[in-house]
Every structure is written in C-alpha cells, then in structure tokens.
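Hi,

Here is the structure I said I would pass on. Have a look at it first, and then read on for what turned up.

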Amino acid sequence: MADVGIIMGSQSDWPTMREAANILDELSVSYEAKIVSAHRTPDRLWTYGKEAAGRVKVIIAGAGGAAHLPGMVASKTRVPVIGVPVQTKALSGLDSLYSIVQMPRGFPVATMAIGGAANAGLMAAQILAVSDEDLARRVEDWRAALSASIPEEPSDD
Ligand code: RP5
C-alpha cells in the first residue's frame, strides 16, 4: 500500500503531475503513479476507484480538457481526492478547472489551481501529517526552508 495514489488521464499529463511526485519524494512520502483515463480506460477507472481505499490514503488526480477523472474517482471512493486541472492548449486549462471544481454536494474534490500539482503534493502530505508526527516535522522543515530562501530585498540579477 502506498500513501498517495497519483493518477492522470494521459501520458501527456505526466510532466505536470511529476511535480506532485517530486514534492512527495522530497518529503519521503510513498506513492504510486498510474494512467487512468475516465474516457479511454473507464474500466480501469472503475476498478481503481473500487480498490482505492485498500490501496492508498489520498488520491491526487490530474486531467485536462473534459477532465472527468477526479470527479469520477471521487464518486467511487471515500479516499480524499485532490484534483489538478492540467493546462490545455485550446482553453488554457479553464476547461479543466471548470470540469473538476464544480462537484455536486456529497462528492467533493479538493481542486488546486491550473497546473497546481506541486501544491497537490503538499496538500496530500499535510493531510497525511495529521496522523504522522515525523511527516508533520518534515512538512514544517520544508516550509521553513522555503521561507528562508526568500530574500528580503529584490535584486537586479
Ligand atoms: C485528457 O485529455 C488527459 O487528461 C489530457 O490532459 C488530455 C489530452 O490527452 P492526450 O490526447 O494528450 O492523450 O484525457
């Protein structure tokens, strides 16, 4: 069992979704990454949703365009789903955002910004940190390091 399941609609989503994986690597959180398309592999989606609770603790689901993957997987599992709208060429990702964010009452998806996979990784880690003190410390250290890296004054370089 991995802590986080990263799922995406297509191989073409991986450059975006890899940012979530990178954050989880930095925080030593285990994950699995799978291509699960709501439209092209609906049976795979159904099975993943059905088995998710025995497999992962949090799901990060990214898709673009008619981005039904996060919402559909949320409808099949009680495992919390964090949605990542992947940026598209035609509509810049607004289509992805609107497809993911407007879930009906009862089946929430915690939707990140367009292309916000890094924050999805952090959100997953913060959810897991509620019941994992070591991870909570790693998240706090990560945030402190980010804050420390921000200069007080702008530079011309
Ligand atoms: C969606 O369609 C995927 O999530 C992807 O963002 C988009 C385009 O997929 P490809 O045509 O690049 O495979 O299902």
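This is a predicted model: local features need pLDDT of at least 70, side-chain atom pairs count only at pLDDT 80 or more; totals for chains, interfaces and linings use all residues.

Asp13 sits in the loop between β1 and α1. Is it buried or exposed? Asp13 counts as buried, because it has 25 C-beta neighbours inside 10 Å and 20 or more is enough for that label.

Ser10 counts as partly exposed, because it has 18 C-beta neighbours inside 10 Å. If you set aside its neighbours within four places in sequence, the contacts of Ser10 are with Ile35 and Ser37.

Now for the helices. Which parts of the structure surround α3 (residues 69–76)? The buried residues of α3 pack against β1, α2 (42–51), β3 (58–64), β4 (81–86) and α4 (94–101). Those buried residues are Leu69, Pro70, Gly71, Met72, Val73 and Ala74. With 6 of its 8 residues buried, α3 is therefore largely enclosed by the rest of the structure.

Two helix pairs are worth a look as well. Two packed helices are described by the angle between their axes and the distance between the axes.

The pair α1 and α5 packs at an angle of about 35 degrees, and the axes are 7 Å apart. On the α1 side the contact is made by Thr16, Met17, Glu19, Ala20, Ile23 and Leu24, and on the α5 side by Ala117, Ala118, Ala120, Gly121, Leu122, Ala124 and Ala125. Sorted by class, that contact of α1 with α5 has 10 nonpolar, 2 polar and 1 charged residues. The crossing of α1 and α5 is right-handed.

Helix α5 (residues 117–129) has another partner in α6 (residues 133–148): their axes come within 8 Å and cross at roughly 140 degrees. That angle makes α5 oblique to α6. Here the crossing is left-handed. Ala125, Gln126, Leu128 and Ala129 of α5 meet Leu135, Ala136 and Val139 of α6. The residues in this contact of α5 with α6 divide into 6 nonpolar, 1 polar and no charged.

Most residues other than glycine have a negative phi, and most peptide bonds are trans. Ser28 has a positive phi of about 55 degrees, although it is not a glycine. You will find Ser28 in the loop between α1 and β2 (31–35), where it is exposed, with 11 other C-beta atoms within 10 Å.

Ser92 also has a positive phi, near 60 degrees, and it too is a residue other than glycine. Ser92 is in the loop between β4 and α4. What makes Ser92 count as exposed? Ser92 is exposed because it has 12 other C-beta atoms within 10 Å, and the label applies at 12 or fewer.

Cheers

Conventions:
Residues are numbered from 1 along each chain as its sequence is written. Two residues are in contact if their C-beta atoms, placed from the backbone, lie within 7 Å. Helices (H or I, at least four residues) and strands (E, at least two) are DSSP runs, numbered from the N terminus. Axes are lines fitted to C-alpha atoms, for helices over the stretch in contact, and angles run from 0 to 180 degrees between N-to-C directions. Angles under 35 degrees count as roughly parallel, over 145 as roughly antiparallel, 65 to 115 as roughly perpendicular and the rest as oblique. A crossing is left-handed if the near helix is turned anticlockwise from the far one by less than a right angle, and right-handed if clockwise. Ala, Val, Leu, Ile, Met, Phe, Trp, Tyr, Cys and Pro count as nonpolar, Asp, Glu, Lys and Arg as charged, and the others, Gly among them, as polar.
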